[in-house]
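Student: Could we work through this structure together, taking the sheets and the helices that pack on them in turn?

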Amino acid sequence: MAKPKVFVTRRLPEPALTQLLDRVQADVWPHALPPSRSTLLEKVRGLDGLLCLLTDPIDDPIMAAAGGRLKVISNCAVGVDNIDLPAATRRGIPVGNTPGILTETTADFAFALLMAAARRVVAGDQFVRQGKWQTWGLTQLLGQEISGATLGIIGFGRIGQAVARRAQGFNMRVLFYDPRHPASPSAPPAEKVELEELLMQSDFVSLHTPLNPGTHHLIGARQLAQMKPTAILINTARGPVVDSQALYQALNTGQIGAAALDVTDPEPVPLNHPLLTLENLIITPHIASASRATRGKMAQMAVDNLLAGLAGQPLPNCVNPQVYPR
Ligand code: GLV
């Protein structure tokens, strides 16, 4: 029997790649940059399955171009905002993602950004390399206290809660805002508050929401104005959750203290973006889940989802289970 035809939009880490190549007829995009839209439209024609990354916008026209055989879309990420989910559901195509395995890794990185911004790690590194370190200075590169500070977590799902657990070790007071979070006895101790209260009281605000129409620009000029002038904003969720223009203004005028972003809008952030002129900003290239182990597990989970979908079985991790008959 002919092997199912799949397109994989980037090389996957081993052993996931070899396992996939043994089982399917795979066209693997060999380049570091994502395929263009026109390439994607061409490559998806007649496919049985698609394995993509968060950099690949998969909308209804792409699904239409694939044709009626497309049985599964497997995203190698937990966030699925690059995929038109209602379109996939309407077409009966299950969409897979990679939840759980990247929770701790991402929370580690959110905390790393929090600490780096509070204690001016990047500025300190630059200070040394630029030859400015002449003596131990009593008021040199002063940062903010982390221990005992108030941390506001927006989005109290898996990753938000993992960040809250880390904060316990730093004796922080934790507030959270999440209209969808049900009271759960297993969640770490944290006070549920309204967004405005969280913004007004927090020394650190860390974002952990998915990107959807309800969270687009959730942090804009009005919300930034409610934050403390010393507050630090950390974003490891999705760039468009924050209005970048408003953030630039707030950082530039000292309305808030600093920001640390692992995600931007757009990605990659253009080199001439005004945000990059600011000294009270740390920025990294969307690497919160980038440990060797976690990226390997994400690839494996994406392959498992893909193979299950090709075999007509329920995906181990499916974001639109409505496609399956009850
Ligand atoms: C990374 O941002 C992911 O959604 O997995």
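Tutor: Before we turn to helix pairs, note that axes are lines fitted to C-alpha atoms, for helices over the stretch in contact, and that angles run from 0 to 180 degrees between N-to-C directions. Please keep in mind throughout that this is a predicted model.

Student: With that in hand, at what angle do α5 and α7 pack?

Tutor: Helix α5 covers residues 103–118, and α7 covers residues 158–169. Their axes lie 8 Å apart, and the angle at which the two helices pack is about 55°.

Student: Are α5 and α7 roughly parallel, roughly antiparallel, roughly perpendicular or oblique to each other?

Tutor: Angles under 35 degrees count as roughly parallel, over 145 as roughly antiparallel and 65 to 115 as roughly perpendicular, with the rest called oblique. The angle here is about 55°, and α5 and α7 are therefore oblique.

Student: Is the crossing of α5 and α7 left-handed or right-handed, and how many residues of the contact are nonpolar?

Tutor: α5 passes α7 in a right-handed crossing. The contact is made by residues including Thr103, Ala107 and Phe111 of α5 together with Ile159, Val163 and Arg166 of α7. Sorted by type, the residues of this contact comprise five charged, two polar and, to come to the number asked for, seven nonpolar.

Student: In the sheet of seven strands, which strands stand at the edges?

Tutor: This open sheet, with parallel pairing, has the order β8-β7-β6-β9-β10-β11-β12. Each edge strand has a single partner strand, so one side of it is left without a neighbour in the sheet, and the strands in question are β8 (191–192) and β12 (281–283).

Student: Which residue of β12 is the bridge partner of Leu261?

Tutor: Strand β11, residues 258–261, pairs with β12 in the parallel sense over three bridges. Within β12, the bridge partner of Leu261 is Ile283.

Student: Which strands does helix α10 lie across?

Tutor: Helix α10 spans residues 244–252 and runs at about 140° to β11. The strands that α10 lies across are β10 (232–235), β11 and β12.

Student: Turning to the sheet of five strands, what is its order, and which strands stand at its edges?

Tutor: The sheet is open, its pairing is parallel, and its order is β2-β1-β3-β4-β5. Each of the edge strands has a single partner strand, so one side of each lacks a neighbour in the sheet, and these strands are β2 and β5 (95–96).

Student: Which helix packs on that sheet, touching β1, β3, β4 and β5?

Tutor: The direction of this helix makes about 175° with that of β4. Its residues are 292–310, and the helix is α11.

Student: How is α1 oriented relative to α11: roughly parallel or roughly antiparallel?

Tutor: The axes of α1 (residues 16–23) and α11 come within 9 Å, and their crossing is left-handed. Residues that meet there include Leu20 and Arg23 in α1, and Val303 and Leu307 in α11. The axes cross at roughly 20°, which makes α1 and α11 roughly parallel.

Student: Finally, what is the distance between the closest N and O atoms of the salt bridge that Lys43 forms with Asp27?

Tutor: The count of salt bridges comes to 13. This pair links distant parts of the chain, with Lys43 in helix α2 (residues 37–43) and Asp27 in strand β2 (residues 25–28), 16 residues apart. The closest N and O atoms of Lys43 and Asp27 are separated by 3.1 Å.

Definitions and conventions
Residues are numbered from 1 along each chain as its sequence is written. This is a predicted model: local features need pLDDT of at least 70, side-chain atom pairs count only at pLDDT 80 or more; totals for chains, interfaces and linings use all residues. Side-chain values use heavy atoms; hydrogens and water are left out. Two strands pair if DSSP finds at least two bridges between them. Helices (H or I, at least four residues) and strands (E, at least two) are DSSP runs, numbered from the N terminus. Contact means heavy atoms within 4.5 Å. A crossing is left-handed if the near helix is turned anticlockwise from the far one by less than a right angle, and right-handed if clockwise. Ala, Val, Leu, Ile, Met, Phe, Trp, Tyr, Cys and Pro count as nonpolar, Asp, Glu, Lys and Arg as charged, and the others, Gly among them, as polar. A salt bridge is a side-chain nitrogen of Lys or Arg within 4 Å of a carboxyl oxygen of Asp or Glu.
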